[in-house]
Amino acid sequence: MQVSSVNDVKIYNLSYGKSLPEWLSDRKKRQLQKKDVEIQRRIELIQDFEMPTVCTSIKVSRDGQFILAAGTYKPRIRCYDTYQLSLKFERCLDSDVVAFDILSDDYSKLVFLHCDRHVEFHSQHGHYYKTRIPKFGRDFSYHYPSCDLYFVGASSEVFRLNLEQGRFLNSLQTDAVENNVCDINPIHHLFATGSSEGRVECWDPRVRNRVGKLDCALSSLAEGTEVQALPSISALKFNSSLTVAVGTTTGQVLLYDLRSSQPLLVKDHLYNLPINSLNFHNQLDLVVSSDSKIIKIWNKDTGKLFSSIQPQTNINGVCVYPNSGMLFTANEDPKMNTFYIPALGPAPRWCSFLDNLTEELEENPESTVYDDYKFVTRKDLENLGLTHLIGSSLLRAYMHGFFMDIRLYHKVKGMVNPFAYEEYRKDKIRQKIEEARTQRVQVKKLPKVNKELALKLMEEGDDEAEVVSRKKKGKALPSILGDDRFKVMFENSDYQVDEQSEEFRLLNPIVSKVGQKRKKKLRLLAQQAAVSEQVPEDNDEEPEGRASSEEESSDDDKSWVEEVREQRRLLRQEDRDRRRQERKDADRNTVLVEREQNGGEECSNVAESKKTSQPQFYQIKAGEEFRSFNDMAHKQKLQKTSLEERLKLEEHSETSGTADTAVGSKQLTFTLKKSEQQKKQQQAEREHHEERKKLRRSAGHLSSIRGRGRGWGGRGRGRH
């Protein structure tokens, strides 16, 4: 037995578990029951309650004693006696059963509609009579007052077969091309058919005239719904005298009052599958609707979901046992499921022991449906490589993930990560060793990263612990060093605090002052605690010569503001010194090549040979990017050019002149619009400058002349 809970409603699957073969001996069955837990949990409510391959439909007789089921293969009908909890008889048929009905209170009168247009009648002893209808049938209903059978199918006509006279009567001509289902109201005997065009036509059997028509196709579609095909009627069921439920092939259930053409309520199954059965539970005003995927139980007045059942196999039909909380389902599986929901009603009289059993299970809850399943998310399925199973019976969708069998999960996980157990074992051993180490004498060790910060936190923690220890009701706050959330800050080198950075130096005065205030406050608290232990009476007056707390806070604010200003001044001074040093290095590393007219080529060759033979060393400053050894000379050359030329060079070289500062990286780009005359003038000046550079002569020999004052011998440069 399987127990599940949906919407806080307990659902007991009485057919869950392994089924034992008939040819096993009693001794072998007892041995299996001792070994296998699933067989121990199994409850065989009705013996051999199954079909060889598939069960297509299931119904209960009006007296509640017999359960009849049709299935295949071979096509057959089985009758189960609930008083004996076993199979009463089994009859094989010539073709598959499309629909069947029980005409009497027990199993003595049965009618079967076959897929080959045959209508077969069975009595208590077996086969009684067989006839054919003109078209392939899909459903039929029995009109008790007149003993007429109404057949609908692949035709616009509704065929009538009178069982009292034993002959066909005049057919009813509908406006539909084909009719899928039909039903007769049990109170006023109104006959209704559901067509493939999405219409419901109602007929009065007394006068054989149509009395009304409902267009359900348009009413089942909500606003903004994409229509791929016209919704057809797939299920039809009357309740009381005025209520009718209509199921469509697109998965909607519509509740109508026969006096109105608009539906009272539209319930969507949200699976886009045809509704195959509709039932009413009048005791709690509930509707039991099903498609091939799920059974939904909901309130017929509000549409609120009461509970739902989702079997592992597809559903062909649902039968509700009268005046109880038991459901039977015909499935695409040999086993016919039996569900018991205590919230719907008591157990039937022939299995009243279920109430005691469920009460004991609720008092001592053991295993539920989730004990044998593992909840996995879509990401877990991607890691395991099981995304192709989404939509199959191996995964059951639930909230934001899926439930899968725990055995399948362990098997797949073992294949994906075969060394998981070894890793788990090593982790457990490591944890036990660490637990044993904690019992030894602890020696405080500083971490490898942020040692200064750790030492500071340890000192502050000791001060706080000392103050708290003096108070009887105080509790020490948790330390950052012992918090796992900040553990990476003392292990990963990427979190190392750079004390030489500009941000730290500007922020450090504020932090240090806050730390000093905190230490001073802790010291005062410790002194007050010590004084309170010695002198019980309080002294509200401040000692002479001591400033008040407001004056101390104002002095502290002034001091840290001055320190911040001092740090800013030092940073500006360091920046100026760094630039001055860079210029000196650039002047020292720049090589001026002197060319003379007489031996220019030889001198240049010698200079180049010396330059290449002698290594030159350059100092790379912090924060600078290394490009080449002639970078400093290039920078000095760029300083003499205009801003426009520097921007053009940067655009040509595709480099960005960004600078990382405390507020981020910023860059300003602009271009100047020039007229054609300005461009020509600049081009002429550039050509003239290049021409003058070619004619330039060296002036190195002038540096050897010494003693000459300004104006060549003391004389002024002006004319005399």
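# A walk through the predicted chain

Asp183 is buried (under 20% relative accessible area, where exposed is over 50% and partly exposed lies in between, with a 1.4 Å probe and protein chains only), yet Asp183 has no salt bridge. A salt bridge here is a side-chain nitrogen of Lys or Arg within 4 Å of a carboxyl oxygen of Asp or Glu. The nearest side chain of opposite charge is Lys237, 5.0 Å away. For charge, Lys and Arg count as positive and Asp and Glu as negative, while His and the chain ends are not counted.

This is a predicted model, in which local features need pLDDT of at least 70, side-chain atom pairs count only at pLDDT 80 or more, and totals for chains, interfaces and linings use all residues. Residues are numbered from 1 along each chain as its sequence is written, and side-chain values use heavy atoms, with hydrogens and water left out.

Asp183 sits in strand β15, residues 179-184. Strands (E, at least two residues) and helices (H or I, at least four) are DSSP runs, numbered from the N terminus. The side chain of Asp183 reaches the backbone nitrogen of Phe238 at 3.0 Å. Setting aside neighbours within four places in sequence, Asp183 has contacts (heavy atoms within 4.5 Å) that include Ser141, Leu190, Lys237 and Phe238.

Now step back to the whole chain. It has 14 helices and 34 strands. Of its 720 residues, 33% are buried. Among contacts with a separation of 6 or more, 46% join residues 24 or more positions apart.

Next comes strand β8, residues 110-114. Five of its five residues are buried. Leu110, Phe112 and His114 point one way from β8, while Val111 and Leu113 point the other way. Leu113 has a relative accessible area of 0%, so Leu113 counts as buried. Leu113 and Val97 are 16 residues apart in sequence, but their C-alpha atoms are 5.9 Å apart in space. Val97 is also one of the contacts of Leu113, along with others including Ile133, Phe140 and Phe151.

β8 has partners too. Two strands pair if DSSP finds at least two bridges between them. Strands of a sheet pair through backbone hydrogen bonds, either parallel or antiparallel. Strand β7 (residues 97-102) pairs with β8 in the antiparallel sense over five bridges. Within that pairing, Phe100 has Phe112 as its bridge partner. Strand β9 (residues 118-122) also runs antiparallel to β8, over four bridges. Here Phe112 stands opposite Glu120. β8 and β9 form a hairpin with three residues between them. In that turn, Arg117 has a positive phi of about 75 degrees.

Another stop is Gln252, in strand β21 (residues 252-257). Gln252 counts as buried because its relative accessibility is 9%. Its side chain makes a polar contact with the side chain of Thr250 at 2.3 Å. A polar contact is a pair of N or O atoms within 3.5 Å; within protein, one must be able to donate a hydrogen and the other to accept it, and residues adjacent in sequence count only if both atoms are side-chain atoms. A second polar contact, of 3.4 Å, joins the side chains of Gln252 and Asp268.

Five bridges join β27 to strand β28, residues 326-331. One of the paired residues is Val320, whose bridge partner in β28 is Leu327.
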